[in-house]
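Subject: Handover of a structure, with notes

Dear colleague,

I am passing a structure on to you, and below it you will find notes on what came out of looking through it. Please read them with the structure open beside you.

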Amino acid sequence: MKQFKKPLALAVIALAVSGCMQQQEKYPVSEAAPEAEQEKMAYAFGSSLGEFVGQTLDRQDEAEFVLDRELVITGFVDAIKGETKIPQAEAEELIMAMQAKIAEQRNAVIGGKALEEGLAYQEQNAKKDGVQVTESGLQYEVMAEGPEGGASPAATDLVKVHYHGTLVNGEVFDSSVDRGEPIVFPLNRVIPGWTEGVQLMSEGDKYRFVIPSDIAYGERGAGNGQIPPNATLIFEVELLEVVQPEDPEQPDVEVEAKQ
């Protein structure tokens, strides 16, 4: 999936210098890249922190949990100066409370939007020629058929597949095809939509699946927020092989969003 984009926090600090920090000691905003190695290290450390904070604030904005960014910068600067205005124990409690509220609001706002968009997509996709819908709501379409006599997996089998996963808006969150490397995993250790869908296939087949959220990742989402709560997922899957396990104890597999 495309990463959430956010200019480095130094751009936000520039606003803070002209706003909330006018009455405080001024912290210069660089106009040119540093040249000395240790200066570059210092700059890289600050910019990496700023990028992380900026991306976090962006995700919170999407969940309609908006923090005053000037106060975020003020708290950061006060902490560097050793002049924090809130005791550490209270700050930790506030952070924990904030995280709980963000999670709840994210599920409500982003999850609600994803659910609505997913249901609309499923309704339209089900009308297309060649699309079949199972009792669970899984939708599948045969894109290509393998040779006759190819093995079909049971839920307890290991399978080797290539796949390409997107959200309904077309954003790619994971793709073994893009990585150029297929994956092998136990079919009963993935999301239910995969377990059900791949069992419909034979070796060499390529299917397109539209997987409702309740047989995907549901309300929890996945990929550190890149797969939203209640998201409908689309996978193009090619079953390369039903393989014999070398190790009977296989870990659970979660299709992760790209980092």
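Which residue takes a positive phi in the hairpin of E3 and E4? The residue is glycine 170, whose phi is near 95°, in a hairpin that has 4 residues between its strands.

Before going further, please note that this is a predicted model, in which local features need pLDDT of at least 70 and side-chain atom pairs count only at pLDDT 80 or more, while totals for chains, interfaces and linings use all residues. Residues are numbered from 1 along each chain as its sequence is written, and side-chain values use heavy atoms, with hydrogens and water left out.

Overall picture

The protein has 6 helices and 7 strands, where helices (H or I, at least four residues) and strands (E, at least two) are DSSP runs numbered from the N terminus. Along the sequence they follow the pattern α-α-α-α-β-β-β-β-α-β-α-β-β. Of the 259 residues in the protein, 36% are buried, a term that stands for under 20% relative accessible area, with exposed meaning over 50% and partly exposed lying in between (1.4 Å probe, protein chains only). If one takes the contacts (heavy atoms within 4.5 Å) between residues at least 6 apart in sequence, 72% of them join residues at least 24 apart.

Strand E3 and its partners

Strand E3 covers residues 158–167 and runs antiparallel to strand E7, residues 233–243, with 10 bridges joining the two; strands are said to pair if DSSP finds at least two bridges between them. Within this pairing, lysine 160 has glutamate 241 as its bridge partner, and histidine 162 stands opposite glutamate 238. E3 is also joined by 4 bridges to the antiparallel strand E5, residues 183–186, where proline 186 is the bridge partner of leucine 158. A further 3 bridges connect E3 with strand E4, residues 172–175, again in the antiparallel sense.

E3 is mostly covered, with 8 of its 10 residues buried. Threonine 166 lies in this strand and counts as buried because its relative accessibility is 11%. Its bridge partner in E4 is valine 172, and, leaving out residues up to four places away in sequence, threonine 166 touches Glu171, Val172, Phe173, Leu233 and Ile234.

Once neighbours within four places in sequence are set aside, the contacts of valine 237 include Val161, Tyr163, Trp194, Val198, Tyr207 and Phe209.

Between E6 and E7 there is a loop that holds asparagine 230. This residue has a phi near 65°, a positive value in a residue other than glycine, and asparagine 230 counts as buried because its relative accessibility is 14%.

Helices H2 and H4

Two packed helices are described by the angle between their axes and the distance between the axes. The axes of helix H2 (residues 37–62) and helix H4 (residues 88–125) come within 9 Å and cross at roughly 50°, the axes being lines fitted to C-alpha atoms over the stretch in contact, with angles running from 0 to 180 degrees between N-to-C directions. H2 is therefore oblique to H4, given that angles under 35 degrees count as roughly parallel, over 145 as roughly antiparallel, 65 to 115 as roughly perpendicular and the rest as oblique. The contact is made by Arg59, Gln60 and Glu62 of H2 together with Met98, Ile102, Arg106, Val109 and Ile110 of H4.

Arginine 106, placed in helix H4, counts as buried because its relative accessibility is 14%. The C-alpha atoms of arginine 106 and phenylalanine 65 are separated by 8.3 Å, although the two residues are 41 apart along the chain.

With best wishes
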